[in-house]
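Student: I want to learn how to read cavities and cores. Where do we start?

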Amino acid sequence: MTSDEPTTPTGGNPYLKRAYGLRGPDDAREFYDEWAAEYDADLADDAQGYVAPELAAETLVRVAGTGVTVLDAGCGTGLVGAALAQRGVGVIDGVDVSPGMLERARATGAYRSLEPADLTRPLPTPADAYDAVICVGTLTHGHVGPEALAEFVRLTRPGGAIVATVLDDVWESGGYRAETDRLVDAGVAELVSADVTPYRSGVGVEARMLVLTAR
């Protein structure tokens with residue numbers, strides 16, 4: 001989990017303020033179970049402008065195409081899976097720490113499978129199981145730290161893509177840039193890009209759209 005004091009604008013949303021102060025997977029599970037029913041409405045309105053799921057889905061399709069098997073890591077209510085399905089990606093698995101969020105994701109009909117998982121720990125999934133991994137909204141204050149990037153690379157077949165949003169104000173301080181550099185230096189991943197992109201555009205929050213190729 002990242003330990004930075006949250007400085008990201010919340011647009012007055014009390015759930016977001018609490019989200020940036022989570023203290024571990026058990027805390028996250030309870031919190032997101034509570035928020036699940038209102039999550040989409042809270043973030044997708046004009047006040048927040050949560051554009052990250054759509055932008056990340058567009059990025060994955062651009063770099064990997066649609067004929068791929070994708071893991072949506074930290075899938076939440078299924079916003080990313082739905083965006084991928086709308087773009088023609090047909091095989092999507094999702095994992096998330098919150099059973100309540102997984103129930104909402106199941107209702108989208110976008111996923112082949114949905115399973116509970118703690119992304120602060122390695123998954124039981126075999127190496128090279130997916131053509132691509134996507135992770136949106138999870139590499140941020142109080143959630144999952146940079147160690148998850150190595151796991152995403154492990155789960156992706158050589159030549160496959162990893163697309164992940166990293167909140168811009170923790171890209172450096174949270175160790176995500178350093179971990180990206182470490183993976184590249186170790187020869188297990190190639191950095192394609194880490195451009196700053198809108199995240200919650202209604203309140204001016206930006207993220208790095210990290211794109212890696214597994215090697």
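This is a predicted model: local features need pLDDT of at least 70, side-chain atom pairs count only at pLDDT 80 or more; totals for chains, interfaces and linings use all residues.

Tutor: Residues are numbered from 1 along each chain as its sequence is written, and side-chain values use heavy atoms, without hydrogens and water.

Student: How many cavities of 30 Å³ or more does a search of the whole structure find?

Tutor: Rolling a probe the size of a water molecule over the atoms shows where empty space is left. Here the search finds one cavity. A cavity is a set of points on a 1 Å grid over the protein atoms alone where a 1.4 Å probe fits but cannot get out. The largest cavity holds about 460 Å³, the space filled by probe spheres set on points joined across faces, edges and corners.

Student: Which residues lie nearest its centre?

Tutor: Tyr 32, Gly 74, Gly 137, Thr 138 and His 143, out of 36 lining residues (an atom within 4 Å of a point).

Student: Which residues of the largest nonpolar core touch the most other members?

Tutor: In soluble globular proteins, nonpolar side chains tend to be buried together. This core has 70 residues, and Tyr 32, Trp 35, Leu 84, Ile 134 and Leu 139 touch the most other members. A nonpolar core joins buried Ala, Val, Leu, Ile, Met, Phe, Trp, Tyr and Cys through side-chain atoms within 4.5 Å.

Student: Is Glu 151 buried or exposed?

Tutor: Glu 151 counts as buried because its relative accessibility is 13% (buried is under 20%, exposed over 50%, partly exposed in between, with a 1.4 Å probe and protein chains only). Beyond neighbours within four places in sequence, Glu 151 contacts Pro 122 and Leu 123 (heavy atoms within 4.5 Å).

Note on methods: On a 1 Å grid over the protein atoms alone, a cavity is a set of points where a 1.4 Å probe fits but cannot get out, and a pocket is an open set with protein on both sides within 12 Å along at least five of seven lines; lining residues have an atom within 4 Å of a point.
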